[in-house]
Amino acid sequence: MLRAACRALSSIRTQAVTQGPILSLPERGRTRFPSEWALKPRGLLLQVARGFARQKPAKPSQVDDLPSSTLLKDYQNIPGIDKVDDVVKRLLSLEMANQKEKLKIKQEQLMNKIAANPEDTSSLEARIVALTVKIRNYEEHMKKHRKDKTHKRYLLMSIDQRQKMLKNLRMTNYDVFEKTCKELGIEYIFPPLYYRRAHRRWVTKKALCIRVYQEAQKLKQQKKALKAAAASKQGQRGSAEPSEVRQETSKENQ
């Protein structure tokens, strides 16, 4: 901010020097100001301060399209509300309401467009609508207060939660998913593939795991070979024993 103020001051001074005397009055009947005053324009800091104090144009909000004569959500279904005085209606309308009440009306409008049953607030599309209204409110807040880290954290958490809900809705009911994205103006982005940075520790650990796996496979092959050799020896012994028994029985018969 100080750098911008210094630049503005230097630009104004250079313009004053190049343009020459700023104050010029007719010579007859009036005193003439000295030429040194033209090189030192007065009120430069005041001009710079006024430039920074100028209000920026208001950015559009998501609740701007709501009519100011709409009654609050808590007073819409009260019997006899139409016969109330205009002043009372104005007090109970969105013209005198806070941001929270306006967001409730906005959420109700979006629910009527998307959800089949607007009273069911536990469905996936209803929760997505509520999160979308909350996300847009956080975005408007962050445009005004860019250094608010708490709301930035809430914004990122809400976006991540809505992404998971959209993924589940896409897998369960694709038609409702398309309708929700179209009405809310959401562009669904597929989650990126898993990527892990290969640092030195991870590479050495992976090489060690591969080496351990190879040694384990060698031990398994050796155990299989030993078992096969033991089984073959037992088979040879079993075949030799009945031949000896047969020879002994033939000798006894003779």
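This is a predicted model: local features need pLDDT of at least 70, side-chain atom pairs count only at pLDDT 80 or more; totals for chains, interfaces and linings use all residues.

**The whole chain**

Of the 254 residues in the protein chain, 19% count as buried. Among contacts between residues at least 6 apart in sequence, 56% join residues that are at least 24 apart.

**The largest nonpolar core**

Next, hide the surface and select Leu-94, Ile-128, Val-129, Leu-166, Phe-177 and Leu-184, which touch the most other members of the largest nonpolar core, a set of 24 residues. At least two residues of this core come from each of α4 (99-114), α5 (124-144), α6 (149-172) and α7 (174-184). In soluble globular proteins, nonpolar side chains tend to be buried together.

**Helix α5**

Select α5, whose 21 residues reach 31 Å from the first C-alpha to the last, close to the 30 Å expected at 1.5 Å a residue. Its buried residues include Ile-128, Val-129, Leu-131 and Val-133, and also Glu-125, Thr-132 and Glu-140. If you now display what covers the buried residues of α5, you will find α4, α6 and α7 included.

**Helix α6 and Leu-166**

Move on to α6, where 24 residues reach 35 Å between the first and last C-alpha, close to the 34 Å expected at 1.5 Å a residue. The residues buried here are Leu-155, Ser-158, Arg-162, Met-165, Leu-166 and Leu-169, and what covers them includes α5 and α7. Centre the view on Leu-166 and, leaving out residues up to four places away in sequence, look for the residues that it touches: Ile-128, Phe-177, Cys-181, Ile-186 and Tyr-188.

**Helix α7**

Which residues of α7 are buried? Select Phe-177, Thr-180, Cys-181 and Leu-184, and then turn the model until you look down the axis of α7, where the buried residues fall within an arc of 95° and therefore line one face of the helix. On the other side of α7 you will find Asp-175 and Lys-182, both exposed. The cover over the buried residues of α7 includes α4, α5 and α6. Step just past the end of α7 to Gly-185, which takes a positive phi of about 70°.

**Ile-114**

Now select Ile-114, which lies in helix α4. Is Ile-114 buried or exposed? Ile-114 counts as buried, because its relative accessible area of 6% falls under the 20% cut-off. Leaving aside neighbours within four places in sequence, Ile-114 is in contact with Glu-125, Val-129, Lys-179, Thr-180, Glu-183 and Leu-184. For one of these partners, draw a distance between C-alpha atoms: Ile-114 and Val-129 are 15 residues apart along the chain, and their C-alpha atoms are separated by 8.5 Å.

**The cysteines**

Finally, select Cys-181 and Cys-209. Cys-181 is buried, with a relative accessible area of 11%, whereas Cys-209 is partly exposed at 47%. How many disulfides does the structure hold? The structure holds zero disulfides.

How values were computed:
Residues are numbered from 1 along each chain as its sequence is written. Side-chain values use heavy atoms; hydrogens and water are left out. A nonpolar core is a set of buried Ala, Val, Leu, Ile, Met, Phe, Trp, Tyr and Cys residues joined through side-chain atoms within 4.5 Å. Buried means under 20% relative accessible area, exposed over 50%, partly exposed in between (1.4 Å probe, protein chains only). Helices (H or I, at least four residues) and strands (E, at least two) are DSSP runs, numbered from the N terminus. Contact means heavy atoms within 4.5 Å. A disulfide is a pair of cysteine sulfur atoms within 2.5 Å. The arc is that of the directions from the helix axis to the C-beta atoms. The expected span of a helix is 1.5 Å times one less than its number of residues.
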